Amino acid sequence: MSVVLEARDITKVYGHVHALAGADFEVKTGVVTALIGDNGAGKSTLVKILSGTETPTSGEILVDGQPVTIDGPLVARRYGIETVYQDLALAPHLNPVQNMYLGREVMRSGLTGRLGFMNNAAMRTGSRKAFDELGATVRNFSGSVGAMSGGQKQAVAVARAAAWAKRVILLDEPTAALGVVQTKSVLELIRRVRDRGLGVVFISHSMPQVMEVADEIQVMRLGRRVATYKAKETTMEELVGAMTGAVTQDNGTRETQS
């Protein structure tokens, strides 16, 4: 498992507020990395920087070990990084196929394509393949996404990201508004994405979900990463301790503060 995306000593300053204060972060291929921390720890800011919607004040981002500049979402996509936000960023009036290919439409060949006609059959076939490969239960390909359940909307968003990502998928609170059954389906989608060899970043406030789906857990506090754990080798109590500062970790050793 190689490191596919890395952030080194990232800072982000908004006026007098230091949202990130020297944050480090790594994403490995075929690994679900949970990014956790209390409100204000800097998780969402870091994801925005990695996805290109924010630029860091200082620090370095590396893709496959090479320094890169990600100064926009389209640049992130060119590096194979896709993001699923909590608000989905789907077009509610469009159907799943149109959402899947939004901004990436397949045009017909020849003159009709040059005149702006799309190859709807090819896009429908591609969408079905993407949904089937991940086991996403999208029942209606012609109805608008806005009429779907929360779980189906999230399935469309995750499947779209998985279809286009070449390296990493960033998931910012993907289960926040879902019920138990819908959450279970999305977590299964995340495992399938990981099993395809992509690096997956999972941000969540739900410790049970983190423990269930993550392979590795990185903890942020006060704008910095303060601990990294293997999910199978830690406990919920230890994670909460790292988030609150009650437990510190230094090069793999753990100390409890008095």
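The following conversation goes through a predicted model, element by element.

Me: Where should we begin? Which strands make up the open sheet, and in what order?

Reply: The open sheet has four strands in the order 2-1-4-5, and the pairing is antiparallel. Strand 2 (17-28) and strand 5 (66-68) are the edge strands, each pairing on one side only. On average, neighbouring strands of this sheet are turned by 25° against each other, direction ignored.

Me: How many bridges join strand 4 to strand 5?

Reply: Three bridges join strand 4 (residues 58-63) to strand 5, and the two run antiparallel. Valine 63 has glutamine 66 of strand 5 as its bridge partner.

Me: Which helix packs on that sheet?

Reply: Helix 1 (residues 43-51) does, touching strand 1 (3-14), strand 2 and strand 4. The direction of helix 1 makes about 115° with that of strand 1.

Me: Turning to strand 3, are its faces covered or open?

Reply: Both faces are covered. Val32, Ala34 and Ile36 lie on one side, Thr33 and Leu35 on the other, and all are buried. In a regular strand, side chains alternate between the two faces of the sheet.

Me: What does strand 3 pair with?

Reply: Strand 3 pairs with strand 8 (residues 199-203) in the parallel sense, over four bridges. Four bridges also join strand 3 to strand 9 (residues 216-221), and these two run parallel. In strand 8 the bridge partner of alanine 34 is phenylalanine 202, while threonine 33 stands opposite glutamate 216 in strand 9.

Me: And the largest nonpolar core: which residues touch the most other members?

Reply: The core has 49 residues, of which Ile36, Ile190, Ile217 and Val219 touch the most other members. Helix 6 gives the most to this core, with seven residues. A second, separate core of 25 residues includes Val4, Leu50, Leu170 and Met220. In soluble globular proteins, nonpolar side chains tend to be buried together.

Me: What is isoleucine 217 in contact with, sequence neighbours aside?

Reply: Leaving aside neighbours within four places in sequence, the contacts of isoleucine 217 include Ala34 and Ile36. Val210, Met211, Ala227, Thr228, Tyr229, Ala231, Thr234 and Leu239 are also in contact with isoleucine 217.

Me: Back to helix 6. How many of its residues are buried?

Reply: Helix 6 is mostly covered, with 11 of its 15 residues buried. Among them are Gln152, Gln154, Arg160 and several alanines, including Ala155 and Ala157.

Me: What covers them?

Reply: The cover includes strand 6 (81-84), helix 3 (96-100), helix 5 (120-134), strand 7 (168-172) and helix 7 (180-195).

Me: Why does the span of helix 6 agree with its residue count?

Reply: At 1.5 Å a residue, the 15 residues at 150-164 should span 21 Å. The end C-alpha atoms are 22 Å apart, which agrees.

Me: Now asparagine 95. Where is it found?

Reply: Asparagine 95 is in the loop between strand 6 and helix 3.

Me: Why is asparagine 95 classed as buried rather than exposed?

Reply: Asparagine 95 counts as buried because its relative accessible area is 14%, and the cut-off for buried is under 20%. Its side chain reaches the backbone nitrogen of valine 97 at 3.0 Å. Neighbours within four places in sequence aside, asparagine 95 is in contact with Phe141, Ser142, Gly143, Ser144 and Val145.

Me: Last topic: which residues of helix 9 are buried, and what follows this helix?

Reply: In helix 9 (residues 236-244), the buried residues are Glu238, Leu239, Gly241, Ala242 and Met243. Glycine 245 follows helix 9, with a positive phi near 95°.

Terms used. Residues are numbered from 1 along each chain as its sequence is written. This is a predicted model: local features need pLDDT of at least 70, side-chain atom pairs count only at pLDDT 80 or more; totals for chains, interfaces and linings use all residues. Side-chain values use heavy atoms; hydrogens and water are left out. The expected span of a helix is 1.5 Å times one less than its number of residues. Buried means under 20% relative accessible area, exposed over 50%, partly exposed in between (1.4 Å probe, protein chains only). Contact means heavy atoms within 4.5 Å. A polar contact is a pair of N or O atoms within 3.5 Å; within protein, one must be able to donate a hydrogen and the other to accept it, and residues adjacent in sequence count only if both atoms are side-chain atoms. A nonpolar core is a set of buried Ala, Val, Leu, Ile, Met, Phe, Trp, Tyr and Cys residues joined through side-chain atoms within 4.5 Å. Two strands pair if DSSP finds at least two bridges between them. Axes are lines fitted to C-alpha atoms, for helices over the stretch in contact, and angles run from 0 to 180 degrees between N-to-C directions.
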